[in-house]
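Please keep the sequence and the 3D view at hand while reading.

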Amino acid sequence: MALPRRAIGSRVWISVLAPALSLGALIAARTVGGAEPGPVGIEWMPSLQLSWSFNPDPLGWFFAMLVAGIGIPITLYARAYFGPDQNALYRIYPSLMLFMTGMLGLVLADDFILLLLFWEITSVSSFLLIGWEREDSAAVRNALQAFIITGAGGMALMGGLILLGITAGTWSFSSLEGLTLSGKAVSAAFILIFIGAAAKSAQWPLHFWLPDAMAAPTPVSAYLHSATMVKAGVYLLARLSGTLSQLDLWSWLLVPIGVITMVIGAYIALRKTDLKLIFAYTTVSQLGLLISMYGLAALGGDKPTVLWDLTQIFNHAVYKAPLFILAGAIAHVWFTRDVRDLCGLFYQGRTERRLAIMLLLATYSMASGPFTLGFISKEFFLYGAYNAYQATGQLLPLCVLAGVVVQGAINVAIFVRFALTLLGPESYAEYQSPHDPEAEEERIAYEDYHAIQSPFWTSMLWVPAAILIAIQLIGGMFPALLNPLARIVERNQVGFDHLPSVWHAFTHPSVPLALSMLSIVSGAALAVIPTLLAHGPVWRSAIHDWHDGLFDWFYNLATKSGGKLFAILQTGNLRTYIGIVCATLVGLCVWGMAYTGAWPSITLEDIAKTQWSRRVPEFAIGSIIVIAAVLLPFIHHRAGRIMLLGTVGYGVAGIFYCYAAPDVALTQVSIEIVGMILFLLALGLLPRTMPARRESVAPILRLVIAIAAGVVMACLTIASSMQDRPTMSYVSANGDTYAHPGEFYIRNAYEGQDVEGRHPGGGGKNVVNVILVDFRGLDTFGEITVLGIAALGVIVLLKRKARRTSGSGRRVHLPLHHERPALSRPAISRMVRSRGEHSWMHGYSLTSEPLRVATKLIVPLGLLFALFIFLKGHHSPGGGFVAGLVGAMALIAHRMAHGRTSLRHMMLVTERKMIGIGLMLVLGAGLSPMVLSRPFLTSRYGYFTIPGVDRPLEWTTALVFDLGVGMVVLGVVLAMINALSTESEAR
């Protein structure tokens, strides 16, 4: 994307280079060194068992080779397909590379959560590609449909993998292999995982999103169906088959769904007329076959039930990609994808003849005809299903065998259909629709558009298909050429020690061979006999897949039901929202306590142990807090309520101080000051008197909810303080577990005395600050990110044009963020009132001469104090968070006294840039250790000396993290104060 739009050649070859380098790296991973490569990567968060770990084992390596290998011809084909269209190529290649990256990461990921990350990347990138025609409402609808279905499946997959990780005690696929798992939790995890895999690999009844995804450009369709997204579910089940196939539910879930998908997809494909839809439904059918193939893995006996499965997947890729490539090429040359318009295409010209021959060869491969790799793959599958029936005698393998015969017969009928159409004489045109009369205009446009293209790019419309078809046919006629590659990747080299030739099947007659011949004969009869009987071809009339309406039904149900639920819950009354939240909290807590029987209780012995004489300050402050909270409902003046809320907040700060938590107390005081200013500014935008309205929650009900919420919170507090705390996963130097996290933090805040080699310690004596920037740095990073997003949301919501209209119609010019007048001018002393309303604030701003004079002392001292507590925060009370609050209070005082323009002169960057810089500092501090193969957010500390200073000085990388936190907090507070102040001044 960094290249200019006109740099077509550079963009194309860089895009080709990406899969080529990936292919080279994958080959080197298996050939260099000679040893079997294991999981490689870096630790992300070892305490949570998260890592950036990739495993190029045979299964992952094969799928990655497929993604990269097919990606090269698809990338070249995309250039030929779009021609020299700068805008199209500028859009398609970044999205295509993102798609490829997501799939490569998915099949190589060893960590559960890492797989989920790449799983969602494929969903997002496919959404962008399917909705390529942004002005086409159908394309947008189909993109949304695919995103919602695969996204919902991804949510189910996430739940399943998390449940599986918790149950198995491991979060990597490599560690999962060889484990014996059972139980209800494992079964539930498998069901959720299967839902995610079925949604991704288009299994019935969720298969309809895949044919509708044909709204994407043909290069995307070819890549999607052959090597990427739709294979993700198949890959995941193949990855887990060694572990979860022990479950009784495995076969009874995979096999029926797979067989139904197989038959429905094949039948609908036979009754479609659009080339891409025909090939899309055959993909659905083949995916059902692959899913049922892995379903047979649990039905094994002495004979193998899954034979050379990766060869079968490879076979599908090398005939499916050419089919879509040729569909796009025919649309370019013949300006139609309707098979009824292709009658006699073989006789139309040299280009048309070439495309017709390749299309026939590709559909012959799809029909698994003899001397194709598809024939060998189908024999493997039939052998496995027949072996499963012999081993178990169950109905499931018989259903699979019947489904394969039906699918094979329909695929043969589709091949016969194409042969009769492409090679058919003019007399066969009675069954075809007339050719589009506007095609000549399109043909002229095509010739003009591609006239400037070189013969090389013109040939790329069909050369990639020819190469892949050649691989398919050579593999079928000379399978020994593929044996070296197959032996590297195949995990189920059972039954055969090599890829057999077609002669092996005919020289060793068996039931699978008989079934294969039955499907071929049945397919030919299905295609020919109805025509001979003067009934016309079986595919004469196209049908509509009724499953297409499922998404519309669900979408309408969700929107209509959601609208009704929204109208019930979203009343616009804050008390209603708080009441619902509190009632939900009470209900969940009571249900949890009743379910576990863990009701909190206090005995007389517990009361007697309390040292009442030492708790006088706490009881006094607590009484003030309770009195202020009780008075709140009886105070109707807004300013009074703010003061009472402040009393509660400062009381809580006093409690923190009494319990020796000066850091938290200082933070609480700072937040109270900033919060009070924000409250006053926000209330200044409201009218003094509120219109009378009927309360949506009755006073008695509010009282009941409040008392219940208070009792529940008291019970939770008592339960958390009286019961035993869970032990830490860390162990001390002598092998004992810690009684609680606090003990671990205190002992290891400065140096990792008990966990040497696992955590070096934070290098700080202030435990609170070390927890924020080291032990729980990820939590802090998430919190400030949310804080920054919230501030940016406030800025956007309150953003107005530079020229605003007051209530009286007079325009008031307010400077934009980037305007910096030459001279600082005092803020307006008189605020404009809206006509017909009385502002809660008095008509004058806070600007005054005494305040301006006072800020000359307050601001420098406040900023100096903020710098002091920032630098001392690692060893003394303070830190980046509270430093940002203190600095913000100093700058707020200056802003209130001198106005916004004057503050702009003081600030080197805007608030938004300050938030961005702070987040980048935090992210950089977290990612930089990974360069040295250390986990994310690992900190280091040490000492250095300065000449003339006897005492060594300490340095710590956590200081960069803390600086980012302080900048984000400072930027957020200033952004919100400025936004609200500007809004008030505008009125």
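Seven cavities of 30 Å³ or more are present in this structure, which is a predicted model, where local features need pLDDT of at least 70, side-chain atom pairs count only at pLDDT 80 or more, and totals for chains, interfaces and linings use all residues. Residues are numbered from 1 along each chain as its sequence is written, and side-chain values use heavy atoms, with hydrogens and water left out.

Rolling a probe the size of a water molecule over the atoms shows where empty space is left. A cavity is a set of points, on a 1 Å grid over the protein atoms alone, where a 1.4 Å probe fits but cannot get out. A volume is the space filled by probe spheres set on the points, and grid points are joined across faces, edges and corners. The second largest cavity has a volume of about 160 Å³. It is lined by 16 residues, of which Q286, L289, S368, K378 and Q407 are the closest to its centre; a lining residue has an atom within 4 Å of a point. Helix 12 (275-295), helix 13 (309-334), helix 15 (373-392) and helix 16 (395-422) each give two or more residues to this lining. By class, the lining has six nonpolar, nine polar and one charged residues. Here Ala, Val, Leu, Ile, Met, Phe, Trp, Tyr, Cys and Pro count as nonpolar, Asp, Glu, Lys and Arg as charged, and the others, Gly among them, as polar.

The chain as a whole has 37 helices and six strands; these are DSSP runs numbered from the N terminus, with helices (H or I) of at least four residues and strands (E) of at least two. Of its 987 residues, 49% count as buried, where buried means under 20% relative accessible area, exposed over 50%, and partly exposed in between (1.4 Å probe, protein chains only).

Buried residues of helix 7 include V186, A189, F190, I193 and F194. An α-helix has 3.6 residues a turn, so residues three or four places apart point the same way. Among the elements that cover the buried residues of helix 7 are helix 4 (112-130), helix 10 (232-244) and helix 11 (249-270). After helix 7 comes A202, whose phi is positive, near 55°.

Which kinds of charged pair does the model contain? The structure holds seven salt bridges, each being a side-chain nitrogen of Lys or Arg within 4 Å of a carboxyl oxygen of Asp or Glu. One of them joins the side chains of R141 and D212, at 3.5 Å from N to O. Because R141 lies in helix 5 (residues 137-168) and D212 in helix 8 (residues 209-212), the pair ties together parts that are 71 residues apart in sequence. R141 is partly exposed at 24% relative accessibility, whereas D212 is buried at 15%.

Another salt bridge links R340 with D338, whose closest N and O atoms are 2.8 Å apart. R340 is partly exposed at 27%, and D338 is buried at 17%.

Definitions and conventions. 1 Å grid on protein atoms, 1.4 Å probe; cavity = no way out; pocket = protein on both sides within 12 Å on 5 of 7 lines; lining within 4 Å. Contact = heavy atoms within 4.5 Å.
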